[in-house]
Amino acid sequence: MIRIRFSAGDFARVRFAPRPVPLQALNTAFMMLFRGDDHLLFGRWRQRLLRSLPAAVEPLGDLVTPAGAPLFLDEFGDEAGSAPEDSPDAVRAAPPGLVRAELERVYAGHPAPPPPWIRDLHRGDAGAWQVLRRAQHAAFETAVRPVWPLVQDLHRAEFTRYALAVAEHGVGTALTTLVPGSRLRGDVWELAAPGERELALHGRGVLLLPAFHWTGHPLIADLPGRSLVLSYAAGPGLPLSPEGAVDRERALAEVLGRTRVDALTALAKEHTTTGLARRLGVSNATASAHAAALRGAGLVTSERAGRSVLHRRTELGSLLVRGRG
């Protein structure tokens, strides 16, 4: 069980990652690759991926295990995920003390001594960093790049699901909705996971990051002086494939509901509540309720004009409808 203790200020500092993080997608894909469970769903995917990985990827297997990846292999800043090509540079910028501590943690109970390149990485050798950079680049291009557009689409849909849950029910309900089986007991968020772990935020807040290659328990990155990062299993719960991109409008409807997608589409142009109700074929009260939910999620703006209320979608709402950045 993971128990995360919030202060009042921490609830105000719960954030959702604005875009997917390439290295998190890569690390969780490799963690899933090395796991032995869900063979019925992931067995063929694992076989295909293992056959397609180039030899340059092998050093990454010395670091990433089914249990996790060293914390320095991730990037969780506000600009994390802006471009997959920039990710290895973010890893290279990790503090040397963190790199050494994480390598020692990973190999503390390892039955065999670490490979020579790991010992070189522990010393900060530039050649070892090049080995890691090549491995990450080759792994990303093989395992993640082909499905990266799908990851971006899924992230947008998950972002919207969270925003609507917060707007309609508040942060506490949104947290437990994102991670099924979790519960909020007063100021403590409890999540099922192996072992026992207690974490106090002390005003740092939480950054929520969906993981679409992962079906396991929530993953925690707890670095001093930073928001706690919680990655949780999201998406279809199946291997991602380039052919798996579903119809965008249908996928959005599964998150928002058919009527709200129709409302967002209609509000490319300004409508009164009555006009929107007429377009949707619903009552004024129902149209007003849908507009309020979309407004709470930042997808719609509403302004009073005399006796009428005028609604129009925001740039975020247009982004979701168009599906492009």
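**Confidence, then the salt bridges**

Author: Across the protein the mean pLDDT is 86, and 90% of the residues reach 70 or more. This is a predicted model, in which local features need pLDDT of at least 70 and side-chain atom pairs count only at pLDDT 80 or more, while totals for chains, interfaces and linings use all residues. Residues are numbered from 1 along each chain as its sequence is written, and side-chain values use heavy atoms, with hydrogens and water left out.

I turn now to the salt bridges. Side chains of opposite charge can pair when their charged atoms come close. A salt bridge here is a side-chain nitrogen of Lys or Arg within 4 Å of a carboxyl oxygen of Asp or Glu; by this rule the count comes to 16. One of them joins the side chains of Arg 3 and Glu 196, at 2.6 Å from N to O. Arg 3 belongs to strand 1 (residues 2-5), whereas Glu 196 sits in the loop between strand 4 (188-191) and strand 5 (197-200), so the pair ties together parts that are 193 residues apart in sequence. Strands (E, at least two residues) and helices (H or I, at least four) are DSSP runs, numbered from the N terminus.

Arg 3 is partly exposed at 23%, while Glu 196 is exposed at 62%.

A second salt bridge links Glu 190 with Arg 183, whose closest N and O atoms are 2.9 Å apart. Glu 190 is buried, with a relative accessible area of 9%, and Arg 183 is partly exposed, with 40%. Arg 183 also stands opposite Glu 190 in strand 4. Both of these pairs belong to a network of salt bridges that links Arg 3, Arg 183, Arg 185, Glu 190, Glu 196 and Glu 198.

Strands of a sheet pair through backbone hydrogen bonds, either parallel or antiparallel. Two strands are taken to pair if DSSP finds at least two bridges between them. The sheet is open and has four strands in the order 3-4-1-5, with mixed pairing. Strand 3 (183-185) and strand 5 stand at its edges with a single partner strand each, so one side of each is left without a neighbour in the sheet. From one strand to the next, the twist averages 20°. Strand 3 and strand 4 run antiparallel and are joined by three bridges.

A further salt bridge lies within a helix. The side chains of Asp 262 and Arg 258 meet at 3.2 Å, N to O. These residues are four apart in helix 11 (residues 258-266), and about one helical turn therefore separates them. Asp 262 is partly exposed at 33%, and Arg 258 is likewise partly exposed, at 38%.

Another open sheet has three strands in the order 9-11-10, with antiparallel pairing. Its edges are strand 9 (271-272) and strand 10 (300-305), each with a single partner strand, so one side of each has no neighbour in the sheet. Six bridges pair strand 10 with strand 11 (residues 308-313) in the antiparallel sense, and Arg 312 in strand 11 is the bridge partner of Thr 301. Helix 13 (residues 284-296) lies across strand 10 and strand 11, at about 120° to strand 10; axes are lines fitted to C-alpha atoms, for helices over the stretch in contact, and angles run from 0 to 180 degrees between N-to-C directions.

Finally, Tyr 162 lies in helix 8 and is buried, with a relative accessible area of 10%. Apart from its neighbours within four places in sequence, Tyr 162 is in contact with Val 14, Phe 16, Ala 174, Leu 178 and Leu 208. Just after helix 8, Gly 170 takes a positive phi of about 95°.

Technical notes:
Contact = heavy atoms within 4.5 Å. pLDDT = per-residue confidence, 0-100. Buried < 20%, exposed > 50% of the residue type's maximum accessible area, 1.4 Å probe, protein only.
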